[in-house]
Amino acid sequence: MLSALMLAAALTGTHASPLADAIEHYRTVETYQVTLRVARADGEDHIRYFYKKPGFVRMEFIRPHAGTVLVYSPHTQRVRVWPFGAGRFPELSLSPHNSLIRGAGGQTVDNSDVGALFENVRTLLEQGRAEVRGEARMAGRSALHLVVTGAPGIAVAGVHRYELWLDTASQFPLKVISRNQADVVIETVIMDALEINVPLPETLFNPEGE
């Protein structure tokens with residue numbers, strides 16, 4: 001395996017390539033599931049997250065709001081919400097832009113997957129720069145540490161800088177830190193128990209039939 005120094009040297013002049021390779025690889029991904037740990041200044045969320053192309057999303061909240069389930073369908077473009085568990089009364093049908101279910105940073109369920117993250121990072125890089133900071137070990141995996149920073153005054157979805165640790169095997173992010181233009185951390189996301197291209201039954205995204 002290349003050392004961090006050799007890897008950085010190999011990528012000199014092509015700093016965008018790790019991101020481009022990760023985006024290209026993501027196109028081959030049909031499904032994934034992961035446990036998200038999202039830390040912000042106002043608290044922390046633990047969510048079991050399931051994704052299936054062309055855009056089905058299921059979120060099972062571990063904390064806070066333990067038991068709450070959200071399911072988004074790209075066909076209906078609606079989010080079904082069960083505050084006390086899928087299939088249990090009550091059930092809500094909401095727009096993904098409804099303030100009740102938007103993230104603290106304004107994120108919406110329909111743009112919450114890794115592909116949406118990569119698109120934001122790619123857009124920021126168009127008016128910025130990327131830096132490879134070498135390799136690191138995360139949860140027993142080898143990861144490439146990549147930093148993408150927008151040009152002065154440039155931000156995407158409020159983010160001026162992304163730090164990503166990309167799994168060298170799957171090219172999925174294992175950890176992402178986003179910062180604003182004052183270099184203050186907006187949130188830190190850690191992805192645990194990642195499984196890619198696993199069978200996800202239709203009932204996972206359609207518990208009772210639409």
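1. Glu 202 and Lys 52 form a salt bridge, with their closest N and O atoms 2.9 Å apart; the term stands for a side-chain nitrogen of Lys or Arg within 4 Å of a carboxyl oxygen of Asp or Glu. The pair links distant parts of the chain, 150 residues apart: Glu 202 is in the segment after S11 and Lys 52 in strand S2. Helices (H or I, at least four residues) and strands (E, at least two) are DSSP runs, numbered from the N terminus.

2. This is a predicted model, in which local features need pLDDT of at least 70 and side-chain atom pairs count only at pLDDT 80 or more, while totals for chains, interfaces and linings use all residues. Residues are numbered from 1 along each chain as its sequence is written, and side-chain values use heavy atoms, with hydrogens and water left out.

3. Buried means under 20% relative accessible area, exposed over 50%, and partly exposed in between (1.4 Å probe, protein chains only). Leaving aside neighbours within four places in sequence, Lys 52 is in contact (heavy atoms within 4.5 Å) with Glu 30, Thr 31, Leu 200, Glu 202 and Phe 205.

4. The count of salt bridges comes to 14. One of them joins the side chains of Glu 60 and Arg 58 at 2.8 Å, N to O; Glu 60 is partly exposed at 24%, and Arg 58 is buried at 9%. Another joins Arg 133 and Glu 131 at 3.4 Å, with both residues partly exposed, Arg 133 at 43% and Glu 131 at 28%. Salt bridges with shared partners also join Arg 40, Asp 42 and Asp 45 into one network.

5. Helix H2 (residues 17–26) has Pro 18, Leu 19, Ala 22, Ile 23 and Tyr 26 buried. Seen down the axis of H2, these residues fall within an arc of 135° and so line one face of the helix; the arc is that of the directions from the helix axis to the C-beta atoms. Their packing partners include strand S1 (31–40), helix H3 (114–126) and strand S9 (161–167).
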